[in-house]
Every structure is written in C-alpha cells, then in structure tokens.
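Here is a brief report for a first look at this structure. Keep the sequence and the 3D view at hand while reading.

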Amino acid sequence: MSYLRFEKALMTNLQESLPKELLRTNRSGAYSCSTIVDCNIRKYHGLLVVPVPELDDENHVLLSSFDVTVIQHGAEFNLGLHKYQGNNYSPNGHKYIREFDCDKVPTTLYRVGGVVLKKEILFQHYEDRLLIRYTLVDAHSATTLRFRPFLAFRSVRQFTHENSTASREYQAVDNGIKTCMYAGYPDLYMQFSKKNEFIFQPDWYRGVEYPKEQERGYASNEDLYVPGYFELKIKKGESVVFAASTSEIKTSGLKKLFDEEVSQRNPRDTFFHCLVNAAHQFHIRTKKDERYLLAGYPWFKCRARDTFIALPGLTLSIEEQDYFELVMQTAEKELRQFMEGKPKTGKIYEMEQPDVPMWCIWAIQQYAKEAGKERCLKLYGKLVLDIIDYLKAGKHPNLTVEENGLVRTEGRDKAVTWMNSTANGRPVVPRTGFIVEFNALWYNALKFAANVAAELNKSKVAEDLEKRAELAGASFVDTFLNEYGYLYDYVDGNMIDWSVRPNMIFAVAFDYSPLNQQQKKSVLDICTRELLTPKGLRSLSPKSGGYNPMYVGPQTQRDYAYHQGTAWPWVGGFYMEACLKLYKRSRLSFIERHLVGYEDEMNYHCLGTISELFDGNPPFHGRGGMSFAMNVGEVLRTLELLEKYKY
C-alpha cells in the first residue's frame with residue numbers, strides 16, 4: 001500500500017480533503033500547487049506558477065486550473081472543482097474521485113458510471129512545464145474529453161478581475177494553442193500529445209474564492225479567464241498527455257517525456273523519502289548555473305540565514321555533499337560581496353543580518369564532520385578566518401565585539417534576529433544589545449576558527465582566537481545565566497529580558513559551548529518543561545507575559561503571535577541535538593517518539609513536507625507557509641544524528 005494514499009471517503013469529504021495541499025516544483029523557482037481535490041484555496045495556488053524576471057521578483061500564476069469533462073452519449077460529467085462566494089462549490093467533480101495516490105507522481109482515479117479515468121500530474125525538471133497524463137482505464141462506449149483552461153496571468157500576491165485590457169488573441173501551435181493575456185508576460189503554450197479541436201469561447205468565471213486568504217484576513221476572490229475549450233476522442237486503454245509551458249514543445253515526444261520524468265522520480269514511500277523529496281524542492285538553479293536554497297513555499301525568497309541553517313540538513317544529511325558545495329560557492333560569493341561593500345549580484349536576501357556570517361561558520365562546521373577536516377580546510381578554511389577577521393575588526397554595520405568579548409547588536413527599531421515579525425513598522429520582539437544565540441554562535445565560531453587556524457599552522461592566530469573565546473565564554477555565563485538556571489534572552493544595559501524563549505538552546509546544542517554540563521542540563525530541563533511540543537520548541541513559554549500561541553486571524557493579529565508562543569520544528573532540531581549530546585543513547589527512544597509528531601505531518605497540510613510553524617497549544621495545527629526549508633533540514637539532520645548515536 002502507498003504511503004500517501006487516500007480513499008474515496010476522505011476525498012469526497014471536503015472538510016477532510018480541502019486542507020491537504022500538494023506541491024510540485026522544478027529547479028527554477030516555478031511550481032505547481034493546489035489541493036488533492038484540485039480546488040485552489042490560496043491565491044498562491046495554480047497549475048503553472050512561474051517567475052517572470054522581466055516584470056518583477058515574484059512568481060506569477062499563468063494557468064490557474066484545468067478542468068476535464070467526460071462526455072458519453074451526450075451526457076457531460078465535469079471533474080473540476082472551484083469554490084465560489086457564498087460557500088458554493090461547483091462543479092463538484094470531487095464526488096467522482098475513487099482514490100488518490102502520491103507515491104511517485106500524484107495520481108487521481110475518477111469513476112463516472114462505466115468510465116474510469118486516471119490523471120497523473122508532474123512538473124518537468126529544469127523546465128517551466130506542467131505535464132498531465134490522462135488514461136482511459138475503462139469505458140463501455142465512445143468517450144470524448146473536454147478540457148477547459150482557467151487563466152490568471154497575475155502575480156501570486158495579487159488577484160485578477162474581469163477587464164477589457166486582457167487580450168483574447170490566440171494562435172494555433174502543434175496540437176494546441178498559445179496565448180498571452182497581458183504585455184510583458186511570456187506566452188502560455190497549451191498542447192496535447194494527439195490531435196484535438198480547440199473551440200474559441202471566451203468567458204470570465206466570476207467570484208472564484210480562496211478560503212485560506214479569507215482566514216488570513218485578506219481579499220479572497222477573483223475572476224478567471226477561460227478562452228475556450230479543447231476536445232478530443234479517447235479510446236479505452238489510451239493515454240493522452242497535456243503540456244502547459246512558457247515554450248513550445250514537439251508534441252510527438254510528450255508521451256516519452258512523461259515516462260522519462262516519471263522514471264527520475266523517487267518514491268515517497270517512507271517518512272525519510274518524503275523529506276528527501278521535500279529537500280529537493282528547495283533547490284534553485286539559475287541560468288548562470290548558480291545554486292540556491294529557497295527558504296520555503298509559497299511566498300519565500302532565498303534568504304541568507306535560512307540558507308546556512310537549512311543547508312547541512314538538506315544536503316549533508318542525505319549524502320549530497322556536492323550540492324552543499326554548489327550552494328556554498330554561490331553563498332560565499334554573495335557574503336564576500338557584502339563584507340567587501342560591493343554591490344549585490346545574486347538572489348540571496350538579508351545578507352546584512354548580524355548573525356548570518358556566524359551561521360555560515362556553523363554550516364561549514366557541519367560540513368567538516370561529513371567531508372573531513374582536510375577537504376573542509378581546503379574549501380572553506382580561508383573563508384572561516386576571513387569572517388572572523390571581518391567581525392573582529394568591527395566592520396559589520398550592526399555587530400560589534402565589546403570589551404567583555406561578547407558581540408552586541410542594535411535591534412530596537414529594526415528586527416535583526418530570526419524573531420523578525422514587525423507591527424506598525426516596529427519589531428514585535430525588539431531583541432537588542434547582547435543577544436543570547438548571537439553570542440552562543442560567536443563563542444562557537446571563535447573556537448571552531450581557532451581549530452581551523454591551528455590546522456593551517458597559524459599558531460598565533462589560533463592562540464589569539466582561543467583567548468578571545470575564553471573571555472567571551474566567561475562573559476557569556478556572567479551575562480546570561482540567571483539564578484533560576486536558564487539564560488536571559490537578551491541583555492541591553494539595565495534592560496534584561498527574563499522571557500523563557502528557545503534561543504538559549506543553541507548554547508547547549510553547539511559543539512562548543514561556554515556552559516558546563518550542569519548548566520547545560522538546567523537549560524535543557526527548562527526548555528523541556530516550558531517550551532517542548534510535539535512540533536518543536538515554543539517561541540515563548542506559557543508562563544511568560546504575552547504568550548500568544550495561536551497563529552490565526554488577520555495579518556496584524558498573526559504578527560503579534562508569530563514569535564510569542566508558536567512552535568518551530570527547526571529550533572526543535574537543535575533541542576534534539578542538545579538531548580543527544582547530554583544524554584547520549586539514553587534519549588534515543590524519547591527522540592524517536594518525538595519524531596512521530598513530524599511523521600504525522602506527511603499526511604496533513606502540504607503532503608510530504610513540514611509547514612513553517614505550528615500553534616503552541618494542542619492540537620498544534622500547522623500554519624504559515626506550506627513547506628519550510630529550515631524545518632525539513634533540521635528534521636533530516638535529527639534523523640541522521642539518531643542513526644549516528646545508534647551505531
């Protein structure tokens with residue numbers, strides 16, 4: 001039985017099936033995403049969603065959905081599904097679904113009387129092309145298929161509405177048509193593997209509604225343009241492949257192309273294989289052959305902090321050292337541009353955040369464990385020492401090394417940590433001064449860099465870094481450790497933040513820590529008692545003021561909840577690492593049980609991946625982005641750590 005398979009009872013129950021999303025990507029940032037019943041519930045959903053760099057830095061929905069109608073003896077059965085205003089669903093094609101399977105490619109089986117139709121969908125690697133294969137598994141009489149494309153031609157952050165500007169023009173191409181609604185957009189090619197008839201019948205379908213946008217307090221309805229429909233006859237046992245793309249293709253090769261693409265897909269038949277598949281979906285390759293990691297789907301860009309935190313788990317933990325090196329090659333170039341004050345030429349955002357260089361060193365530290373010291377020193381030894389020199393010299397615009405050896409940053413007016421939500425232009429959590437994870441990172445970076453310098457026979461440099469680490473370590477304990485056995489979140493002069501937050505866990509999880517064993521155990525115990533959930537660590541303890549665990553409601557309400565009690569799996573990954581380092585094999589079964597909470601997610605929300613964040617209170621519902629790189633990466637790294645401690 002397939003790992004991700006759903007029967008008729010669930011598929012026909014919209015309360016159960018509508019929240020389950022399905023994501024397919026290529027390597028250019030384009031994607032195809034909807035629900036398992038093909039009803040779009042977000043403005044970010046669409047069958048063909050592609051970047052249009054000529055217009056802006058956003059993705060754009062070209063083909064929103066593609067309805068198929070089965071025609072027999074003059075009777076029409078539309079298998080599509082759309083939500084309209086007033087909680088109306090039409091045409092209710094989900095009631096014909098018999099089963100849905102998502103092992104290698106998402107496969108839906110429909111039954112209409114004596115007709116059994118199979119639909120398989122995939123996104124071509126390295127091309128902005130959606131492929132759908134329709135197979136008439138069974139039919140007792142002549143069958144015709146009618147296909148109706150719903151076009152949007154808009155940014156994922158906007159809506160389209162009926163207008164007279166949209167072009168209705170189209171041109172015939174090989175077994176299909178090409179059309180473009182607005183100037184500046186690429187042509188949309190819609191082609192079939194066999195001859196068909198296109199009937200031009202332009203119309204707007206008005207009032208299509210997206211419930212996820214309603215939930216989030218945004219505008220939630222739009223109009224979609226349908227230029228007409230395609231019709232073709234199909235025989236029992238026959239397959240027809242449809243392609244939607246920004247470039248034309250020879251339709252005689254569509255069937256072969258579909259088979260080739262299927263053969264390249266890895267099955268999603270276990271928890272681990274689902275996560276590997278999800279890891280690959282964050283890969284981006286540009287036309288210049290630069291490699292990036294997307295921070296998540298559907299609205300995230302490539303972000304510096306996310307790149308370095310997610311990179312080890314998304315590559316090294318699944319034995320893809322080569323991809324680590326490719327991404328790091330691109331990231332190093334952009335980091336050096338920032339450190340040297342040169343103009344940014346790449347796609348990575350937020351390189352200026354103060355902790356980013358230190359997370360880069362942490363990522364390299366993980367690489368050293370997998371690839372060995374020798375290769376690490378050869379590729380990244382100079383980078384590590386250059387970063388330390390840059391920070392020591394006080395060249396970073398918002399990170400200074402103070403006399404006590406700790407690093408200080410200004411975060412009152414602008415969010416500078418991963419807890420970066422803002423409201424009315426101000427940080428919701430204004431973390432500033434000496435920030436606990438920044439200084440845990442700094443101590444860890446100094447110790448690792450000292451080791452690198454010693455290996456490179458730079459004994460004076462190593463000696464200086466060890467002295468700096470010793471000073472920083474002593475100051476860390478003096479500054480952050482309180483009489484209750486946990487660490488302050490930040491200290492800024494007389495302002496001390498007593499909130500119990502997960503940022504202190506990094507001082508326990510990192511390879512080099514200024515804390516002794518007893519202090520580490522005390523911090524871990526408090527994290528366990530007050531912050532641990534089945535979906536990671538809460539961003540704030542329920543006992544602390546301002547606890548707000550439910551990430552729901554309009555934008556402002558969600559901004560205030562974003563880091564005030566919600567649970568984050570990626571921080572939970574560091575908690576697991578801290579557990580293993582302190583308690584070794586005695587905590588293996590505890591961590592295995594905890595990972596079940598993530599395995600449950602494979603069947604909920606977006607299939608086979610992990611949401612951005614979770615409510616901090618039961619039932620710990622997944623919220624935010626449907627797939628988040630740091631979460632997937634840290635769960636993969638936890639699985640790898642488990643294996644290492646087992647054997």
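## A pair across two strands

This is a predicted model. Start at aspartate 492, which stands opposite methionine 495 in β29. Strand β28 covers residues 490-492. It pairs with β29 in the antiparallel sense, over 2 bridges.

## The sheet around it

These strands belong to an open sheet of 3 strands. The order is β27-β28-β29, and the pairing is antiparallel. β27 (434-435) and β29 (495-496) stand at the edges. Each has a single partner strand, so one side of each is left without a neighbour in the sheet.

Strands of a sheet pair through backbone hydrogen bonds.

## The largest pocket

The largest pocket holds about 1,000 Å³ of space. Its lining counts 39 residues. Closest to the centre are Ser28, Gly29, Pro51, Pro53 and Lys347. Two strands, β4 (46-51) and β20 (283-285), each supply at least two residues of this lining.

By class, the lining of the largest pocket has 16 nonpolar, 14 charged and 9 polar residues.

## The second largest pocket

The volume of the second largest pocket is about 660 Å³. 24 residues line it. Trp299, Phe300, Arg303, Asn420 and Tyr562 lie nearest its centre. Helix α14 (residues 555-561) gives the largest share of the lining, 3 residues.

Sorted by class, the lining of the second largest pocket has 11 charged, 8 nonpolar and 5 polar residues.

Methods: Residues are numbered from 1 along each chain as its sequence is written. This is a predicted model: local features need pLDDT of at least 70, side-chain atom pairs count only at pLDDT 80 or more; totals for chains, interfaces and linings use all residues. Side-chain values use heavy atoms; hydrogens and water are left out. Two strands pair if DSSP finds at least two bridges between them. Helices (H or I, at least four residues) and strands (E, at least two) are DSSP runs, numbered from the N terminus. On a 1 Å grid over the protein atoms alone, a cavity is a set of points where a 1.4 Å probe fits but cannot get out, and a pocket is an open set with protein on both sides within 12 Å along at least five of seven lines; lining residues have an atom within 4 Å of a point. Grid points are joined across faces, edges and corners, and a volume is the space filled by probe spheres set on the points. Ala, Val, Leu, Ile, Met, Phe, Trp, Tyr, Cys and Pro count as nonpolar, Asp, Glu, Lys and Arg as charged, and the others, Gly among them, as polar.
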